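Open the model in your viewer and keep the selection tool at hand. Each stop below says what to select and what is there.

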Amino acid sequence: MASTQRKTSAAAGPDAIELLIADHKKVKALFKQYKKLAEEGGAAAQKRELALQICQELTVHTQIEEEIFYPAARRFLEEKDLVDEATVEHASAKDLIEQIQSMQPREKLYDAKVIVLGEYVEHHIKEEQNEMFPQIKAAGVDLQKLGAKLLQRKNALLSELGLLEEEEEAIEA
Ligand SMILES: [Fe+2]
Ligand SMILES: [Fe+2]
């Protein structure tokens, strides 16, 4: 049932902003889960799996924003510095992501790095959702067309990572 609904809405082309907000919600929930796991002294393997999942989600999300959404934002927004700042924030996040990906949970500062990444991302998401997205909406951008492009690229990146089928199976399960 859920998978039928999802396929129908995907075929109609998702709204770009809805798609990005859904990604934001997903990653915020994963960070929350990580924080809980760290507080409870969770197993290293579990922490690493979750942290790597967060890193992958963020990598795909930031990439589709940079390739598709931010160039559109730059074209349509008066405040181009919003896009510049968001790009710099992505670069800081990427730096932490790379550090986390090359570390093991038992290493010093592992939890701190994941948690600080969560704080960066939380701040970044707020700026996108409270400032950039409303301005894009107001500028009259074709959000359905942009959403279709984002979804297509997202699926291509997920399938490169071998994650597309996994997501579909998880939905059908
Ligand atoms: Fe972003
Ligand atoms: Fe975003």
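Select K36 and E40. Their side chains meet in a salt bridge, with N and O 3.5 Å apart. This is a predicted model. Now check the surroundings of each partner. K36 is exposed, at a relative accessible area of 52%. E40 counts as exposed too, because its relative accessibility of 55% is over the 50% cut-off.

How many salt bridges are there by this rule? The count comes to seven. Two further ones are worth a stop.

Select R153 and E67. The closest N and O atoms of this salt bridge are 2.6 Å apart. Colour the helices to see what is being linked: R153 sits in helix α6 (residues 143-160) and E67 in helix α3, so the pair joins distant parts of the chain, 86 residues apart. R153 is partly exposed, with a relative accessible area of 24%. E67 is also partly exposed, at 38%.

Next, select E57 and K26. Here the salt bridge spans 2.9 Å from N to O. E57 belongs to helix α3 (residues 44-76) and K26 to helix α2 (residues 16-39); they are 31 residues apart and link distant parts of the chain. Is E57 buried or exposed? E57 counts as buried, because its relative accessibility is 18% and the cut-off is under 20%. K26, at 33%, counts as partly exposed.

Move to the metal site. Select the iron ion (ligand 1).

The iron ion (ligand 1) and the iron ion (ligand 2) are 3.2 Å apart. Keep E65 in view, as E65 coordinates both.

Stay there and pick out Y70 and E128. Y70 lies in helix α3 and E128 in helix α5, a pair 58 residues apart that links distant parts of the chain. Y70 is buried, with a relative accessible area of 3%. E128 is buried as well, at 1%.

Last stop: select L109. Look for it in the loop between α4 (80-101) and α5 (110-138). Most residues other than glycine have a negative phi. With 53% relative accessibility, L109 counts as exposed.

Key: Residues numbered from 1 in each chain as written. Chains lettered and ligands numbered in written order. Predicted model: local features only at pLDDT ≥ 70, side-chain atom pairs only at ≥ 80, totals over all residues. Heavy atoms only, no water. Helix = DSSP H or I, 4+ residues; strand = E, 2+ residues; numbered from the N terminus. Buried < 20%, exposed > 50% of the residue type's maximum accessible area, 1.4 Å probe, protein only. Salt bridge = Lys/Arg side-chain N within 4 Å of Asp/Glu carboxyl O. Donors = N, O, S within 2.8 Å, 3.2 Å for Na, K, Ca; no water.
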